Structure formats: C-alpha cells, structure tokens
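Hi,

Here is the structure I said I would pass on.

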Amino acid sequence: MQHETNFDAVYQGRESAQNVPWVPWNIGEPQPKLAELEPQGVFRSDVLDAGCGVGVTSLFLARLGYTVVGLDSAPSAIAAAQGATEGHDLPVTFDVADLTTLQGYEGRFRAVVDSGTIPAVPDDKRADYLACLARSTTDDATLSILTFSRDARSVMPKGPTLFSADELATLVEKDWEIDRLEPSSIAALLAPELGDKALATDEKGRMLVPALLLVAHKR
C-alpha cells in the first residue's frame with residue numbers, strides 16, 4: 001500500500017520525508033532536466049505547474065516571460081511560493097488546490113509541467129489527477145512529467161510510488177500522445193549515507209536519483 005505523506009506537515013517541518021530533517025526535493029531551483037526543456041519550445045503560456053510546491057519551477061518560467069499558475073495541495077508550500085513573488089512583478093499566481101478534483105480551469109493551459117507530483121498522488125486518485133490535467137488544457141497542449149523510476153527504490157527505500165516506462169506510458173496515453181519517454185534523473189537532497197546508491201552526485205552536492213522524463217502532446 002502506498003504511504004500517503006502529509007506534505008503540509010513536511011513543509012512545516014513537523015514530518016520528515018526520506019528520513020531527513022529538510023524537504024529533500026527543495027533544491028532551490030527547477031529540476032535541471034525540466035529546465036533543459038525550455039529552450040526546446042516545450043512550454044507555452046499559460047502554463048500549469050501541477051503540484052508546484054514552493055514554486056521554483058513556476059518562478060523560473062515566469063522570469064522567462066511565461067504566464068504561469070502554480071497549484072499545490074499544501075498551504076504552507078503555497079504561502080512560501082507567494083512570499084517569493086513579493087516585490088516582483090511576475091506573471092505568476094499561486095493557489096491551494098486539490099489536483100484530483102480540479103475545477104475552474106477548463107481548457108485554459110497550453111502546457112502542463114509535473115515535477116515529481118504524480119508519484120505523490122494516491123494510487124486510487126491518479127486517474128482523476130490525469131483526467132483533471134487533460135480537462136484543464138487546450139487541444140494543442142503539451143505535458144511534461146519528471147518522475148522517479150523503479151530503479152530509484154534502492155535510494156529511497158520508502159515511498160513514493162515508482163514507475164516503469166510502460167506503467168507511465170499506460171497512465172498518460174488515454175489523453176496524450178507521447179513524444180519522448182526516456183531515462184533521466186531527479187536531483188534531491190537525501191541522507192549522505194545513500195550517496196553510493198545514487199546515479200551520481202552533482203556539482204552542488206545533490207544526489208541524482210533514477211527517473212523518467214516524459215514529454216507528450218494532447219491527442
């Protein structure tokens with residue numbers, strides 16, 4: 001059974017994720033493998049950052065001129081994201097939302113980015129999550145997902161849900177035509193003793209965890 005993390009408690013420091021006293025996915029910038037997609041023309045306004053956390057991906061895209069909406073179920077994360085926009089005139093808004101019952105954004109977004117969100121969605125709500133993403137997008141929309149692969153279990157012995165390429169493809173193929181689905185990596189701040197189980201450690205000391213990168217367009 002999937003362990004359901006209380007993400008608001010993690011952001012508040014009341015609960016740990018991956019047995020560390022910090023938020024391991026808060027690396028202070030977008031995941032590098034997602035940032036690399038921007039020059040390739042994958043993102044177009046309006047962009048939905050689904051499960052935006054503290055908003056680093058949203059802010060990265062907004063600073064480049066994209067209009068972005070960042071949504072997350074954790075109020076503490078959204079408060080931090082909103083705080084990061086203070087004093088800056090950026091085309092980005094943040095709000096608390098349940099992405100498995102999302103309403104009010106039908107047909108709005110031309111791009112969706114999911115940076116590690118889909119493995120955190122409860123197994124029995126994942127189809128609802130993907131249906132909401134499809135419903136909120138235009139006919140010419142793109143979908144970008146960076147998620148942990150099954151090879152990541154040795155680095156993260158508990159949660160989140162991990163996917164094979166076939167499993168991820170099966171999840172998205174109902175509404176999306178896959179353009180790319182390839183091995184990738186997620187940079188994370190994990191316990192130092194796990195370093196020898198990661199793919200590598202980058203120049204900033206972050207562990208690179210096995211992942212999958214999917215880019216698709218609306219059917």
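Below is what turned up, starting with how to read it.

This is a predicted model, so local features need pLDDT of at least 70 and side-chain atom pairs count only at pLDDT 80 or more, while totals for chains, interfaces and linings use all residues. Residues are numbered from 1 along each chain as its sequence is written, and side-chain values use heavy atoms, with hydrogens and water left out.

Salt bridges next (a side-chain nitrogen of Lys or Arg within 4 Å of a carboxyl oxygen of Asp or Glu). The whole structure has eleven of them. In one, glutamate 29 meets arginine 206, at 2.5 Å from N to O. These two residues sit 177 residues apart, glutamate 29 in the loop between helix 1 (7-12) and helix 2 (32-35) and arginine 206 in the loop between strand 7 (200-201) and strand 8 (207-218). (Helices are DSSP runs of H or I with at least four residues, strands are runs of E with at least two, and both are numbered from the N terminus.) Glu29 and Arg206 also belong to a salt-bridge network with Asp202 and Lys204.

Is arginine 206 buried or exposed? Arginine 206 is buried, at 4% relative accessibility, whereas glutamate 29 is partly exposed at 25%. (Buried means under 20% relative accessible area, exposed over 50%, partly exposed in between, using a 1.4 Å probe and protein chains only.)

Last one: threonine 138 lies in strand 5 (residues 137-148) and counts as buried because its relative accessibility is 18%.

Cheers
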